[in-house]
Amino acid sequence: MDHFAYRDGVLHAEDVSLEALADRVGTPFYCYSAATIARHFEVFSAAVAGLGNGDPLVAFAIKANPNLSVVATLARLGAGADVVSGGELARALAAGVPAGRIVFSGVGKQAHELAAGIDAGILQFNVESEAEIAMLAEVAAAKRKPVELAIRVNPAVNPGTHAKISTGNKDSKFGVPIERAGAAFVAAAGHEWLRPIGLAAHIGSQLTDLAPIEDCIGRLGALAAELRGAGHAVTRIDVGGGLGVPYRRDQPPPPEPTVYAEMVARATRGWDCRLMFEPGRMIVGNAGVLVSSVILVKQGAAKTFVVTDAGMNDLLRPSLYNAWHDIVALRPAADRITATVVGPVCESGDTFAEDRDIHAVAAGDRIAFLTAGAYGATMASTYNSRPLVPEVMVNGVDWAVVSARNEPAAMQALDSVAPWLAQPDSPRTV
Ligand code: LLP
């Protein structure tokens with residue numbers, strides 16, 4: 001459920017008209033609903049409450065939407081954070097996530113990022129290779145600080161999602177292959193400053209079938225039992241994120257959090273350890289839209305193109321994954337058209353929808369790409385020297401710009417003209 005709905009024929013975010021917001025902020029812009037973010041977190045947390053030996057940690061995957069106001073909204077509700085870089089760690093801390101609720105994942109953490117996590121006093125590192133164990137041991141030893149870690153296991157499970165967002169299959173770069181994960185745990189226990197306390201896995205994203213997750217959890221359980229049998233304590237198991245969200249209103253939705261939680265309860269019965277979850281998309285996906293204006297409607301040889309002021313650089317998912325986002329007019333007319341919705345970027349891949357049945361729109365009309373709160377703004381780029389678009393958060397009748405439009409001059413200010421080019425009469429060197 002989300003808080004985007006039509007009132008008096010105009011799409012609103014909570015109590016704020018998106019047309020009115022567009023007049024104030026200009027398009028394109030992302031708009032997030034604080035009530036929807038909070039609701040999704042609360043529904044997920046309530047579903048998993050009491051699983052494991054109590055007090056499960058719900059660590060929001062910052063990568064899905066790292067906006068400070070988004071993370072702060074969640075931090076106030078008690079969310080933890082799953083971070084994958086020094087930058088995400090800094091954001092989680094700045095947004096008020098307590099260090100003791102932060103998990104650091106990622107296949108290529110660097111020594112300075114490990115050091116930053118240790119300095120901050122985070123809960124645990126999810127370690128993805130034997131080489132990373134050695135690196136973490138070195139950094140921890142230099143700081144003379146004990147560090148808790150889980151081994152992120154590659155369970156060799158096919159998650160049944162898009163190849164580019166599958167992470168648990170055998171040939172994926174993520175995690176320690178399950179056959180070696182026990183040995184990695186034992187090896188970590190041999191380092192003076194390392195404290196292996198658990199196991200972790202994350203098999204993929206936008207999962208709509210729970211069976212592969214259940215399979216993965218079963219494999220983690222078997223490995224935990226093996227380690228316990230050998231005298232090791234396994235006190236935390238992190239089952240990752242990945243639960244899918246409905247992108248298409250005309251298709252059956254993925255399993256509800258309660259159904260997911262029932263599966264987890266079944267798969268982890270009797271485990272006696274703290275469970276951890278890393279949902280990203282499930283929390284913020286349907287809590288955000290991208291609002292855009294129609295620049296013009298163009299008749300091609302065989303297609304009608306609706307050209308929008310948002311491009312693939314603003315919302316990359318359709319180009320990268322052929323992802324579907326519902327497209328609606330902010331002020332829909334009764335008529336509908338079949339159109340190919342494209343951005344202004346100079347790539348044929350800058351296509352949001354092919355031959356889609358949409359509300360009839362004309363130049364100047366505004367539209368919204370729905371379910372754009374996860375992996376939207378955060379994956380944007382400035383390709384074609386297009387500025388990053390603003391992000392707005394709505395909370396009831398209140399709204400605020402929570403990330404400013406970065407104007408072309410600000411982007412350009414990061415470049416500089418090499419000294420030999422700055423002098424007009426310098427000799428040619430090439
Ligand atoms: N934990 C780890 C270790 C992850 O790598 C991810 C996502 C998550 C949790 C959160 O997964 P979620 O609950 O959001 O599915 N850009 C892609 C998605 C990439 C997901 C990467 N990892 C997209 O737009 O679909």
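Where does Q206 lie in this predicted model? Q206 sits in the loop between β11 and α8.

View 1. With neighbours within four places in sequence left aside, the residues in contact with Q206 are T161, I165, G242, G244, V245, Y247 and R281.

**View 2. Helix α8, residues 211-229.** The 19 residues of α8 reach 27 Å from the first C-alpha to the last. This is close to the 27 Å expected at 1.5 Å a residue. After α8 comes G231, which has a positive phi, near 95°.

**View 3. Buried residues of α8 and their cover.** The buried residues in α8 are P212, I213, C216, I217, L220, G221, L223, A224 and L227. Their cover includes two helices, α7 (178-189) and α9 (257-267). Also included in the cover are β9 (147-154), β11 (194-200) and β12 (236-238).

**View 4. Nonpolar surface patch made by V417, W420 and L421.** The patch has an area of about 370 Å². One of its residues, W420, lies in helix α13, residues 419-422. W420 has a relative accessible area of 54%, so it counts as exposed, the cut-off being over 50%.

Technical notes:
Residues numbered from 1 in each chain as written. Predicted model: local features only at pLDDT ≥ 70, side-chain atom pairs only at ≥ 80, totals over all residues. Heavy atoms only, no water. Helix = DSSP H or I, 4+ residues; strand = E, 2+ residues; numbered from the N terminus. Expected span 1.5 Å × (residues − 1). Buried < 20%, exposed > 50% of the residue type's maximum accessible area, 1.4 Å probe, protein only. Contact = heavy atoms within 4.5 Å. Patch = residues over 30% accessible without salt bridge, like charges linked within 9 Å, V, L, I, M, F, W, Y side chains within 5 Å. Areas by Shrake-Rupley, 256 points an atom, 1.4 Å probe, with all protein chains shown as cover. Salt bridge = Lys/Arg side-chain N within 4 Å of Asp/Glu carboxyl O.
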